[in-house]
Amino acid sequence: MRKFTLRLVIIVLVVSVLVGSGWLNRATPASTCDIATRSTQIGSGTLSYNQAGTGQPILLLHGLFAEKEQWNGMMCELARAGYQAIAPDLPGYAKSTGFTVKDYALENQVALLHQFVEQLKIQSLDVAGSSMGGTIATLYSQLYPNQVRSLAFIGSPLGITNWATSVRKSIIEGINPFIPITKEQFDLEISLLFVTPPTIPDEVKTEKVNDYVNRNRNYQQTWDIVNLYDDVLCQLPHSRVPTLAIWGQEDKIYDIRDVDRSHRCLSGSQIIQLPKAGHLLLIENAQEAASNYLGFLKTIKNR
């Protein structure tokens with residue numbers, strides 16, 4: 001049963017955010033509640049999404065080259081607290097297929113997500129995102145402030161600060177750690193994403209690297225589009241909805257030393273620095289991140 005659980009987690013995390021047996025002992029179980037997977041037609045494509053719980057809806061948006069299953073641990077925490085957690089594969093990612101390259105532009109992601117929310121007949125929701133997902137969540141809240149009760153970044157978002165030194169060094173050396181084409185580059189990606197890198201079987205590494213190589217053009221196109229938004233959160237008007245940012249103190253993608261810039265760009269927001277947490281705290285620190293997020297939601301419950 002233990003090997004089955006490990007293999008399941010490895011398969012579903014497309015960004016290569018994979019959970020090995022050593023880390024699994026210390027982390028929240030990937031899924032300890034009833035999570036339903038559904039799909040619906042949006043625009044030119046089919047959008048796949050997970051749903052758990054009932055109550056006030058929370059829209060959870062994953063990051064670049066990731067997928068909805070990264071939220072499983074937090075979804076169950078939110079569902080147990082009386083919320084309805086909804087995590088889509090963003091248009092063009094994972095099992096959300098049939099979308100065009102132009103749909104990777106963040107404004108187009110927002111438009112498609114709004115169609116999705118309207119299909120679900122949701123009038124009021126909280127929205128939270130990880131990394132690029134946090135940026136999309138912000139753009140969504142800017143366009144639909146009357147629909148969004150609150151905004152949250154579960155991990156540092158794209159669009160406030162430059163890449164951390166470790167990422168910049170790799171790129172200058174000709175290696176994109178987010179599009180690894182060798183096992184060594186894959187290991188580098190994992191070391192940047194996790195505080196405690198998991199142990200990953202060689203066959204899984206080979207499978208993921210082959211995918212990056214075989215679909216390299218698509219990955220590069222997506223990367224180029226998303227990097228057009230590297231300063232977008234500091235260019236937007238101040239958010240009109242209550243905002244929480246949870247930033248891992250050991251984040252190797254966006255350095256915690258730039259948190260002061262976050263205070264300036266996210267004026268009025270509540271910022272929590274989470275110790276022993278990296279970039280993907282929604283996985284590695286799911287229970288603690290959920291606890292902080294639920295505390296924040298209680299403060300805006302009657303909004």
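Trainee: Which residue takes a positive phi just after α3?

Mentor: This is a predicted model, and the helix in question, α3, spans residues 72–80. Just after α3 the backbone takes a positive phi of about 100 degrees, and the residue with that value is glycine 82.

Trainee: Is helix α3 largely enclosed or open, and which of its residues are buried?

Mentor: Buried here means under 20% relative accessible area. Eight of the nine residues of α3 are buried, so the helix is largely enclosed by the rest of the structure. The buried residues are Asn72, Gly73, Met74, Met75, Cys76, Glu77, Leu78 and Ala79.

Trainee: What covers the buried residues of α3?

Mentor: The cover includes both strands and helices. Among the helices are α11 (281–284) and α12 (286–299), while the strands include β2, β3 (56–61), β4 and β6 (148–154).

Trainee: How many residues of strand β2 are buried?

Mentor: Strand β2, which is part of what covers the buried residues of α3, runs over residues 45–52 and is itself mostly covered. Of its eight residues, the number that are buried is seven.

Trainee: How many bridges join β1 to β2, and how many join β2 to β4?

Mentor: Strand β1 (residues 36–42) and β2 run antiparallel and are joined by seven bridges. Strand β2 and β4 (residues 83–88) also run antiparallel, and the bridges that join β2 to β4 number four.

Trainee: In the hairpin of β1 and β2, which residue takes a positive phi?

Mentor: The hairpin has two residues between the strands. A positive phi near 55 degrees is found there, and the residue that takes it is glycine 43.

Trainee: Where does alanine 245 lie, and is it buried or exposed?

Mentor: Alanine 245 belongs to strand β7, which covers residues 243–248. Its relative accessible area is 5%, and because the cut-off for burial is under 20%, alanine 245 is buried.

Trainee: What is the volume of the largest cavity, which residues are closest to its centre, and how do its lining residues divide by class?

Mentor: The largest cavity has a volume of about 230 Å³. Of the 21 residues that line it, the closest to its centre are Gly63, Leu64, Ser131, Phe178 and His279, and helices α7 (183–193) and α9 (216–226) each supply at least two residues of the lining. By class, the lining of the largest cavity divides into 15 nonpolar, five polar and one charged.

Trainee: What is the volume of the second largest cavity, and how does its lining divide?

Mentor: The second largest cavity has a volume of about 90 Å³. Its lining has 13 residues, of which Pro237, His238, Ser239, Cys265 and Leu266 are the closest to the centre. By class, the lining of the second largest cavity divides into six nonpolar, seven polar and no charged.

Trainee: Which residues lie nearest the centre of the second largest pocket?

Mentor: The second largest pocket has a volume of about 170 Å³, and its lining has seven nonpolar, three polar and one charged residues. Of the 11 residues that line this pocket, those nearest its centre are Gly92, Tyr93, Ala94, Arg215 and Tyr219.

Trainee: Where does pLDDT stay under 50?

Mentor: The protein averages a pLDDT of 89, and 89% of the residues score at least 70. One stretch, for which the model has 67 contacts beyond four places in sequence, stays under 50, and that stretch is residues 1–30.

Trainee: How many helices and strands has the protein, and what percentage of its residues is buried?

Mentor: The protein has 12 helices and eight strands. Of its 303 residues, the share that is buried is 57%.

Conventions. Residues are numbered from 1 along each chain as its sequence is written. This is a predicted model: local features need pLDDT of at least 70, side-chain atom pairs count only at pLDDT 80 or more; totals for chains, interfaces and linings use all residues. Side-chain values use heavy atoms; hydrogens and water are left out. On a 1 Å grid over the protein atoms alone, a cavity is a set of points where a 1.4 Å probe fits but cannot get out, and a pocket is an open set with protein on both sides within 12 Å along at least five of seven lines; lining residues have an atom within 4 Å of a point. Grid points are joined across faces, edges and corners, and a volume is the space filled by probe spheres set on the points. Ala, Val, Leu, Ile, Met, Phe, Trp, Tyr, Cys and Pro count as nonpolar, Asp, Glu, Lys and Arg as charged, and the others, Gly among them, as polar. Buried means under 20% relative accessible area, exposed over 50%, partly exposed in between (1.4 Å probe, protein chains only). Two strands pair if DSSP finds at least two bridges between them. pLDDT is the predictor's confidence in each residue, from 0 to 100. Contact means heavy atoms within 4.5 Å.
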